[in-house]
Each structure stands twice: as structure tokens, then as C-alpha cells.
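Please go through this structure with me in questions and answers, taking the details one at a time.

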Amino acid sequence: MRLYALLAWTWIRSAARYPLSMALLTVGVALVGALDLAGILLLFAHAPRIAGFTAAEVVFLYGSSATSFAISDVLLGTSERLGRHIREGTLDTMLVRPVSPLVQIATEDFSPRRLGRLVPAVTALALALPRLETAWTPGRAAMVVVMVAAGAAIFSGLWVLTSALQFVLIDGHAATKAVTHGGSFLTQYPMTMFGRDLVRGVTFVVPLAFVNWQPALYVLDRPDPLGLPGALRFASPAVAVAVCAAAGVAWRAGLRRYRSTGS
Amino acid sequence: MAWYGFRRHSAYPLSALAEATANVAFGFIRAFVLIALWNARPSLGGYDATDAVTFCFLTQALIGPVQIFGGLELTRRIRDGDVAVDLHRPVDLQGWWLADDLARAAATLLLRGGPPLVAGALAFPLRLPGPGALAAFGVALLLAVLVSFGLRYLVALAVFWVHDDRGLSSAALVMGMFFSGMIVPLVAFPGWLGEAARALPWAALIQVPADVFLGKRTGADLLAALGFQAAWAVALLGAGRAVTAAVRRRLVIHGG
């Protein structure tokens with residue numbers, strides 16, 4: 001942890017050498033993140049409810065998913081570069097340094113610009129929460145905090161898990177984007193939109209439904225369209241721990257299996 | 001040049017397949033979102049649900065060829081100074097990169113165009129064009145690649161002045177994603193926003209080819225659509241030509 005902070009700080013100082021560029025990039029990243037929100041608002045310009053959900057509820061889903069994703073992206077997003085490091089042989093350099101290669105990759109190019117993603121996400125969350133027609137209880141309010149934290153942990157686990165896959169796939173980075181970036185996009189919308197098989201898949205295979213959907217059902221007091229037991233709504237923290245544990249095992253296994261490019 | 005470009009850009013089919021996988025996944029998610037919208041508002045913007053789903057998978061198939069997410073390799077070469085080598089070549093800078101980009105588009109279309117459409121057609125009923133519409137779509141797609149190249153070439157050359165391209169590139173990315181119809185089809189943009197979006201060059205990248213593919217533009221309307229694309233292509237490539245001339249003078253000022 002201390003080393004992570006130190007390396008991150010080093011990269012921030014390097015990025016801050018070009019303040020204008022850094023500011024522009026932060027704005028750019030924020031705008032790219034805001035595009036998904038703009039898309040949602042465009043949809044709701046045509047209909048007050050889509051798939052049974054109101055604009056405020058979907059913006060709430062967007063806000064919670066995007067906040068979780070932005071946090072995990074800041075912390076571990078660059079781990080998706082592993083495939084390139086393997087191909088170019090630069091992973092070998094990391095292995096001889098006395099710091100975990102995961103920490104080195106995750107802090108690589110660490111820059112405040114990646115925080116730009118948080119801006120539209122947190123704004124959407126702050127605007128949506130007071131507009132939700134839900135009977136607020138301390139439990140529901142606490143659940144909002146828990147779901148963002150658990151969601152960030154699940155996405156973090158998925159970042160590491162998918163990059164560990166690159167020890168095997170090498171060139172498959174684009175395909176694993178379907179899980180990370182695709183997962184972030186999927187969880188911005190209510191699962192009532194998607195086919196039942198897809199929802200089962202993201203509940204039991206890749207546990208994206210626990211990023212925000214299951215806890216949101218509790219916050220919004222909605223029935224589960226698949227009729228799953230109510231206890232699952234509180235399962236997000238446990239799922240987060242499980243995903244992170246699996247990611248840890250996969251990463252270690254991948255690293256043990258790794259042989260250099262040999263050139 | 002185009003042949004070498006084609007061979008270079010099709011050299012890593014597995015990597016392209018990985019990209020196509022991501023395109024397929026996003027295609028499914030977006031298709032369900034659009035179906036939900038068209039369930040709430042059938043026949044929105046003159047599309048029905050089948051049109052919307054076809055549009056969605058077609059969009060994912062076109063991301064690669066019209067290069068919504070990327071710029072030109074030229075951008076890096078200008079920043080590194082390698083462009084000096086390009087300028088020494090006894091061929092026109094714009095023509096050289098256009099040849100490379102057309103080859104890239106053809107290679108990407110072959111490798112990445114199919115999977116999203118096939119996967120979409122297996123899961124949903126899609127509206128596939130007849131031979132006439134398909135031929136028109138081929139022309140529209142070629143024009144779309146020309147417009148796309150025109151835009152990206154201008155962004156690349158701007159690096160001669162701004163030195164760090166990343167801010168500009170991300171602005172271009174935002175405009176491209178939003179105004180091409182990739183996020184939400186332009187037919188679903190309300191009021192003046194829709195009017196403006198359909199007149200901007202990004203509409204020529206995805207919305208117009210998709211309309212042609214879906215058979216929404218026929219007869220004189222088809223010619224108007226292709227004319228719209230061609231006009232933007234000529235304007236952007238002409239602007240690129242003028243800027244190329246300016247760049248040649250500027251580089252001399254820098255001392256080469």
C-alpha cells in the first residue's frame with residue numbers, strides 16, 4: 001500500500017509537469033464518461049419510463065455503477081496493459097524490481113486525469129438520490145454507500161482477473177474489455193431490459209449484477225424480475241470478497257506460469 | 001502502398017478477433033437497451049425495433065472500419081518527428097496516408113465486420129438489405145471511410161501546432177462517438193439537436209451508411225444521402241490538402 005501510494009505520487013508529479021495537457025485530458029476523460037449519461041437522458045427524452053424504470057432510477061444506476069467503475073479504474077485500470085508488457089518483454093524489468101508487478105502496472109502512468117471519470121458519475125449520483133421515490137431508511141442510505149464500495153471492489157477484482165487471463169491470451173486484451181468496460185456499461189441500465197439468460201449470466205457467472213443491481217433493488221424496494229431470493233440483495237460485499245480472492249489466486253497462478261518472451 | 005497496408009493491417013487476425021468479441025458484447029447490451037426504448041416508443045424516428053437492432057449491430061461492425069475510437073498513426077509520427085521521413089518521400093503526404101487508411105479499413109472490415117452482424121442475426125431478427133441496397137451501402141461505406149479519414153487527418157495535422165495531441169484527440173473522440181449515432185441513433189435525437197447532428201460530418205460515418213443499409217434512403221433520397229457524404233468528404237479532404245501545404249511551409253520555419 002505504501003509503495004502503491006509512493007509510485008502513484010511519482011507518476012502524478014510527472015504528469016503535473018504539463019499542467020495544461022493534464023487539465024485538458026481530465027476534461028476529456030470526464031466528457032467521455034458523461035457520454036453514457038447523455039445517452040440515458042436522450043432515451044428518456046422520448047418516454048417517461050423505459051423497461052419499468054424512471055429516468056431518476058436509471059441515472060441512479062448509472063451514478064452508482066460509474067462511480068464504482070471510476071474508483072476501480074483509477075486504482076487498477078492500467079493492469080489491462082499486462083498483455084503489452086508481456087509482448088514487449090517489459091514485464092521482465094518489473095519482475096527484477098523489489099515491488100509487486102501488479103502494483104507497478106497499476107500505478108503506471110497514474111494521473112489525476114483518470115479521476116475525471118468520477119465527475120459525471122458522482123454528479124449523477126448526487127442529482128439522482130434526492131429524486132428517487134423511495135422511503136429512505138438508515139438501512140437504505142447505508143446500502144448506497146455499501147454498494148458503491150462493493151461495486152468498486154468487484155470491478156477491481158475483475159480488472160485483475162481479466163489481466164491475469166492475459167498471461168494465457170497475450171493478445172486478448174480487447175476481448176477482456178467486454179467484461180470490464182462492457183460490465184460497466186451493462187450495469188448502468190436496469191436488468192429488466194436484458195434477456196433472462198443474460199441476466200442469469202451476469203448474476204451467477206460474471207457477478208456484475210452485484211455491482212449495483214441487487215443492492216439497488218433493495219434501495220428502490222423493487223421485486224426481482226428473476227424471482228431470486230431477497231437475501232441476494234445483501235450479498236454484494238461477500239461477492240466482492242470472493243471475486244477479489246479469485247483474482248488474487250488467478251494473478252499468482254498466471255505469474256508463476258509466466259515465461260519470458262525469451263528474446 | 002495500399003496492398004502493403006492491407007497486409008500490415010491484417011497481420012494479426014487473432015487480435016482483430018478479440019476486438020470483434022468486445023464489439024459483439026457491446027452490440028448485445030446496446031441492442032437490449034434500444035429494444036426497451038422502441039418498446040416504449042414504437043416507430044420512433046421512422047425506425048421499428050428490427051431497424052434499431054440491425055442499426056446497433058451494424059454500428060458495432062462499422063466501429064473498426066470508420067475508426068471511431070482511434071486516430072491516425074501519423075499523429076504519433078508527427079510528435080516523434082518521424083513525419084520528416086514521410087515528407088521526404090516522393091509521394092503526396094495526404095495520398096500516402098489515405099492509401100494506408102483505405103487498406104486498414106478494408107482489412108478491418110473483413111476481420112471485424114462479420115462477427116457482430118452474424119452474432120446479431122443469430123440472436124435477433126435483423127433487416128438485411130437486398131442486392132441493390134447492398135451495392136449502395138458499399139458506396140456509402142467507402143464515402144464514410146473517406147470522411148472519417150478527412151476528420152482524423154485534420155486532427156493529426158493539428159499536432160504540428162498544439163504538440164500534445166491527446167486533449168484534441170479526446171475531444172474528437174467525444175464528438176465522433178456522440179454525433180455519429182454510436183451511442184443513440186441520430187433518428188432518436190430530439191428537435192434541433194437532431195437537426196444539427198444530422199447535418200454534421202459525423203452523421204456521414206455511421207448514421208447515413210446505416211440508413212442506406214436499412215433501405216431508408218431510396219431513389220432521389222439515396223442520391224441526396226450519398227451527396228451529403230461526398231460533399232463532406234470533398235470539404236474535409238480539401239481542407240486537409242490546404243493544411244498540408246501550410247505544414248510544409250511551417251516545417252521549413254522549424255528548420256526541418
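**Loops, fold and contact**

Tutor: Asp221(A) is found in the loop between α11 (213-220) and α12 (236-257) of chain A. This is a predicted model, in which local features need pLDDT of at least 70, side-chain atom pairs count only at pLDDT 80 or more, and totals for chains, interfaces and linings use all residues. Residues are numbered from 1 along each chain as its sequence is written, and chains are lettered from A and ligands numbered from 1 in the order in which they are written.

Student: Is Asp221(A) buried or exposed?

Tutor: A residue is buried if 20 or more other C-beta atoms, placed from the backbone, lie within 10 Å of its own, exposed if 12 or fewer, and partly exposed in between. Asp221(A), which has a positive phi of about 55° although it is not a glycine, has 11 C-beta neighbours inside 10 Å and therefore counts as exposed.

Student: And is Ala51(A) buried or exposed?

Tutor: Ala51(A) lies in the loop between β1 (49-50) and β2 (53-54) of chain A, where helices (H or I, at least four residues) and strands (E, at least two) are DSSP runs numbered from the N terminus. Ala51(A) has a positive phi of about 50° although it is not a glycine. Because 20 other C-beta atoms lie within 10 Å, Ala51(A) is buried.

Student: Which element gives the most to the side of chain B that touches chain A?

Tutor: Two residues are in contact if their C-beta atoms, placed from the backbone, lie within 7 Å, and the contact takes 31 residues from chain B and 33 residues from chain A. On the side of chain B that touches chain A, the elements that give two or more residues are α2 (13-40) and α9 (166-179) of chain B. The most, 14 residues, comes from α2(B).

Student: How is α9(A) oriented to α2(B)?

Tutor: Helix α9 (residues 173-186) of chain A and α2(B) pack at an angle of about 20°, with their axes 7 Å apart. Axes are lines fitted to C-alpha atoms, for helices over the stretch in contact, and angles run from 0 to 180 degrees between N-to-C directions. Angles under 35 degrees count as roughly parallel, over 145 as roughly antiparallel, 65 to 115 as roughly perpendicular and the rest as oblique. The orientation of α9(A) to α2(B) is therefore roughly parallel.

Student: How many helices does chain B have?

Tutor: Along its principal axes the C-alpha trace of chain B spans about 60 × 40 × 35 Å, and buried residues make up 49% of its 256 residues. The secondary structure of chain B has 0 strands, and its helices come to 12.
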